Amino acid sequence: MLARADTARATELPAPTPLVQGLPMTFAPLVKKVVPAVVNIAVTREVDPSSGKRIHVLPDVKGTPLERRFRERLRKHGEDMLGAGSGFIIDPSGVIVTNNHVVGDANNISVSLANGRELPARVLGSDDLTDIAVIKVESLTPLPYVSWGDSRQVQVGDWIMAAGNPFGLGSSVTAGIVSARGRDIGASPFDDFLQLDAPINPGNSGGPTFNMQGEVIAINTAIVSPTGGSVGIGFSIPSEIVIPVVEQLRRTGHIDRGWLGVTLEDDTGTDGARVVDIDKGGPGAKATLRRGDVVIAFGTDHVENARGLIRAVAAAKPGATTTLTVRRKAANVVLQVQIGARPADDSRDGDADGDNDGP
């Protein structure tokens, strides 16, 4: 028995490498590095104090110890608070990224820096379909800023840190992991959220999600909650979607999206996007698309489903010409199509103009 035991001991494999390595003992160095570039955003409109108008209190702070403070502040300044959220500085000149729904209908935007300074801001551009906005403050001195990271490198299980302004409390951070990738919550055809278990609450919208190198890999945007508070399911827009939108908003103030003028649905059982309706006189009609055609390729790119085609068309430059490969009955047909410009008032779900794109 001893001989056998010795033999077995001699052939034992080395102990396996632990699967979990490098757990952070503290997030303090990361917080110190990046939080100075995270801002709080208050959206208000002017109110005549003599009008007797009842001051509107944000749902984010109603019933909390902050409600009294907000009421006093708004009475003093003669303002009505419409919303509050977060953002982050990406350029020392004062360029800030946030969610479109944070600043959407603002008359006045006030940005509070981490050091307590308050600065007025103006909107450089916004995009309701991706829920991204870029605003700007003016400062005589360079402001702290953060850099983008590559969300394509993020894996499920990676540590992340979220920062923002939950319930109007001011600068705050939470930590957790990436729970899932590619989440579609029905906000828009561009839904491709990272799901996080770091607590995200109302007021965190527009704030950054950092990787452990202190790079922004997503924007905190939505939560799933039956109570209004965090239940550990939050959603962030990955940087691979945000970066090109932000760059175009900085250049032009708006996003030009391609349009086919068709309504699509997934083709049951196979890859492709089935055409179920066509706008008369639209780019799809001019390209001789027919109801029942299944688009299987856009240019040289394979089309997996309707959402994929919607994204591809929306990302195409209006006026550009490309090919559509469609499955029509038993044959594949290649059509030439000139991409149109998305009409501003086109809001039908399922359109290939990106209209069903989407706290």
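**Aromatic pair and selected residues**

Modeller: W148 has a relative accessibility of 24%, so it counts as partly exposed. The model is a predicted one. Across the whole structure, a search finds 2 aromatic pairs. One of them joins F88 and W148: the ring centres are 5.6 Å apart and the planes stand at 80°, so the pair is edge-to-face. F88 belongs to strand β2 (residues 79-91), while W148 sits in the loop between β6 (132-137) and β7 (159-164), so the pair ties together parts that are 60 residues apart in sequence. F88 counts as buried because its relative accessibility is 0%.

Another buried residue is S236, also at 0% relative accessibility. S236 is part of strand β12 (residues 234-238). Its side chain makes a polar contact with the side chain of T209, at 3.1 Å. With neighbours within four places in sequence left aside, the residues in contact with S236 include F193, L194, L196, I200 and T209, as well as A218, I219, N220 and T221.

Two loop residues concern the backbone. Most residues other than glycine have a negative phi. T288, not a glycine, has a positive phi of about 65°. T288 is placed in the loop between α6 (283-286) and β16 (294-298), and with a relative accessible area of 46% it is partly exposed. K329 also has a positive phi, near 60°. The loop between β18 (321-328) and β19 (331-338) holds K329, which is exposed at a relative accessible area of 84%.

Notes. Residues numbered from 1 in each chain as written. Predicted model: local features only at pLDDT ≥ 70, side-chain atom pairs only at ≥ 80, totals over all residues. Heavy atoms only, no water. Helix = DSSP H or I, 4+ residues; strand = E, 2+ residues; numbered from the N terminus. Buried < 20%, exposed > 50% of the residue type's maximum accessible area, 1.4 Å probe, protein only. Polar contact = N/O pair within 3.5 Å; in protein donor to acceptor, adjacent residues only side chain to side chain. Contact = heavy atoms within 4.5 Å. Phe/Tyr/Trp six-rings, centres within 6.5 Å; stacked < 30°, edge-to-face > 60°.
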